[in-house]
Amino acid sequence: MSAFSADDHRYLGRALELAARGLYSTDPNPRVGCVIVRDGNVVGEGFHARAGEPHAEALALAAAGAAARGATVYVTLEPCAHQGRTPPCADALVAAGVRRVVYAAGDPNPLVAGEGAAKLVAAGIGAEPGLMAPAAEALNPGFLSRHRRGRPWLRVKLGASLDGRTGLANGKSQWLTCEAARADVQRLRARSSAILTGATTVQRDDPRLTVRDPTLELRGRIPLRVVLDPTLATPPGARLFREAGPVLILAGSDEPKATAALAAAGAEVLHHPGVAKRDLAAVLAELARREQNEVLVEAGPRLAGAFVEAGLVDEFVLYVAPHMLGHDAAPLAMLPMLDDLGDRWEFRFADVRQVGTDLKLTLTPIAREAG
């Protein structure tokens with residue numbers, strides 16, 4: 001790997017800025033940005049905006065035109081090497097006669113996975129990976145997780161009081177957090193492939209689970225709403241079904257009348273053995289099969305705790321409001337009692353910031369040591 005220059009960092013940084021413009025809209029594709037530089041001048045830029053539309057490299061090459069010949073290309077992900085809904089970007093770069101390609105992260109998609117770089121090298125083009133790779137991977141945790149681990153990136157969002165309570169004992173929880181925190185949740189929803197909850201939450205809170213901030217550019221994409229429903233208890237009259245966008249009921253039982261009622265309300269009902277067996281890993285594998293990259297869990301303490309106990313949480317986003325609800329109020333997560341502190345579930349603070357009057361805590365798990 002070559003030593004990267006200050007200019008390399010600057011132009012790849014610009015490519016990352018461009019990639020972030022597709023944060024809410026590229027799903028199930030990755031967020032990718034591209035900058036083309038010749039003789040110290042930027043001659044083309046592009047970012048992938050939506051699945052099925054041109055990739056970042058294709059847009060940047062179109063902007064550069066003949067100036068791409070002999071240029072250096074900065075791109076946040078290894079150029080694709082396969083024919084999908086759009087042609088291979090590696091072939092387009094070869095045809096354009098570029099001299100060098102600096103890319104941040106490799107593409108783990110088995111249809112690419114080094115093949116893009118190999119095509120460039122075979123054509124005599126320098127292919128240099130690794131510059132600012134952590135930043136590029138942070139833009140695409142779900143896409144990378146789906147291809148590397150066979151499951152989406154799982155983000156659990158919770159709102160809590162200072163004493164770690166999420167709602168009153170009588171079930172009332174609106175509004176626990178401030179307006180600014182609720183607006184911030186809209187951004188979490190917008191970047192998610194799917195928003196997942198449980199049938200109990202649908203019955204109790206009747207949530208919409210939609211993105212209601214018109215300033216967020218989803219470009220027509222609507223996140224899938226997923227309900228885990230062991231007993232087919234989701235009400236067909238729930239507000240979920242009065243909003244635009246797909247709803248998937250993952251059911252643990254096969255009751256024809258209830259299934260027909262939910263299907264008539266507009267849901268896809270899938271009787272999934274993972275729900276009946278409480279196998280949440282199998283549930284996530286099903287969502288990965290459906291090309292869901294990032295899954296946001298907005299559920300009650302029982303389901304949130306089940307994901308923690310199963311070791312499937314990749315990120316916690318916790319909005320802490322500056323008040324207390326009392327020891328009888330609902331907890332953050334229902335988890336089994338421990339006898340030893342060494343068995344506790346541990347997290348590290350990845351980010352802490354104030355949002356309105358609340359604190360937003362972003363936490364990632366610390367893996368338990370085996371044995």
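How exposed is R14, buried or exposed or partly exposed? R14 is partly exposed, with a relative accessible area of 25%; that label covers values between buried (under 20%) and exposed (over 50%), using a 1.4 Å probe and protein chains only. This is a predicted model, where local features need pLDDT of at least 70, side-chain atom pairs count only at pLDDT 80 or more, and totals for chains, interfaces and linings use all residues. Residues are numbered from 1 along each chain as its sequence is written, and side-chain values use heavy atoms, with hydrogens and water left out.

**View 1. R14 pairs up with E17 in a salt bridge.** Here the N to O distance is 3.2 Å; a salt bridge means a side-chain nitrogen of Lys or Arg within 4 Å of a carboxyl oxygen of Asp or Glu. R14 and E17 sit three residues apart in helix 1, so about one helical turn separates them. Helices are DSSP runs (H or I, at least four residues) and strands are too (E, at least two), numbered from the N terminus.

**View 2. R100 meets D8 in a salt bridge.** Their closest N and O atoms are 2.9 Å apart. R100 belongs to strand 4 (residues 100-105) and D8 to helix 1 (residues 6-19), 92 residues apart. Both are buried.

**View 3. F347 lies in strand 15 (residues 347-355).** F347 is partly exposed, at 27% relative accessible area. Contacts (heavy atoms within 4.5 Å) of F347 include F316 and L363, leaving aside residues up to four places away in sequence. F316 is 31 residues from F347 in sequence, yet 8.8 Å away C-alpha to C-alpha.
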